[in-house]
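Morning, everyone. Let me put the structure up, and then I'll walk through a strand residue, a helix and some charged pairs.

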Amino acid sequence: MKHTVKLKGIIVGHSELEHIEPGTGRAWGPFRPGLGYDLVQPVFALFAQAAPKNEASRDDAKLERYYAARDALDLRLEDVTGRPIHTTTIHIADYDAADSGNAPQLEVLISDEAYWRRRLESKDPTT
């Protein structure tokens, strides 16, 4: 099932959120940027700078700036029908696909019990 991330009504991108951990409320999957991704990409680039994959040079001051900037974005998640999904965190792990060969990943913490009921009751484990 396609999930859409929006910033004040502008589509930032999409993900199927193929991987789930219902017990922790966590879902993640490859992220396909939309036209609005340029508006938020600098915030997620700050995270990649602050917490590189090799974790050799973690920068706590930059991480604090990232968390504040990410929370100020007030991103929203919607299901394929446009129904809002209540989240506590929306994060896009974007370690520059050109350098790492990896596509960005959408990672969300979903606190919407109705969403989890619908998803777990579905016969298709990816919906």
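One cut-off before we start: buried means under 20% relative accessible area. And keep in mind that this is a predicted model.

Start with Ser 15. It sits in strand β2, residues 10–15. Buried or exposed? Its relative accessibility is 0%, so Ser 15 counts as buried. What does its side chain reach? The backbone nitrogen of Leu 17, at 3.0 Å. Leaving aside residues up to four places away in sequence, Ser 15 also touches a set of others, including Met 1, His 3, Phe 31 and Leu 106.

Next, helix α2, residues 60–73. A quick check on its length. At 1.5 Å a residue, its 14 residues should span 20 Å. The end C-alpha atoms are 20 Å apart, which agrees.

Which residues of α2 are buried? Leu 63, Tyr 66, Arg 70 and Leu 73. They cover an arc of only 85° around the axis, so they lie on the same side of α2. The general rule: an α-helix has 3.6 residues a turn, so residues three or four places apart point the same way. What do the buried residues of α2 pack against? Three elements: β1 (3–7), α1 (37–50) and β8 (87–93). The other side of α2 has exposed residues, among them Glu 64, Arg 65 and Asp 71.

Now the ends of this helix. Asp 59 caps the N-terminal end of α2. One of its side-chain oxygens lies 3.1 Å from the backbone nitrogen of Ala 61. After α2 comes Asp 74, with a positive phi, near 55°.

Side chains of opposite charge can pair when their charged atoms come close. How many salt bridges does a search of the whole structure find? Seven. Here are some of them.

Asp 74 pairs with Arg 76, with the closest N and O atoms 2.9 Å apart. Asp 74 is partly exposed, at 39%. Arg 76 is partly exposed too, at 47%.

Asp 60 pairs with Arg 58, at 3.3 Å between the closest N and O atoms. Asp 60 is partly exposed, at 48%, whereas Arg 58 counts as exposed, at 55%.

Then Lys 6 and Glu 78, meeting at 3.3 Å, N to O. Lys 6 is in strand β1 and Glu 78 in strand β6, so this pair ties together parts 72 residues apart in sequence. Both residues, Lys 6 and Glu 78, are buried.

That's the tour. Over to you.

Conventions
Residues numbered from 1 in each chain as written. Predicted model: local features only at pLDDT ≥ 70, side-chain atom pairs only at ≥ 80, totals over all residues. Heavy atoms only, no water. Helix = DSSP H or I, 4+ residues; strand = E, 2+ residues; numbered from the N terminus. Buried < 20%, exposed > 50% of the residue type's maximum accessible area, 1.4 Å probe, protein only. Polar contact = N/O pair within 3.5 Å; in protein donor to acceptor, adjacent residues only side chain to side chain. Contact = heavy atoms within 4.5 Å. Expected span 1.5 Å × (residues − 1). Arc of directions from axis to C-beta. Salt bridge = Lys/Arg side-chain N within 4 Å of Asp/Glu carboxyl O.
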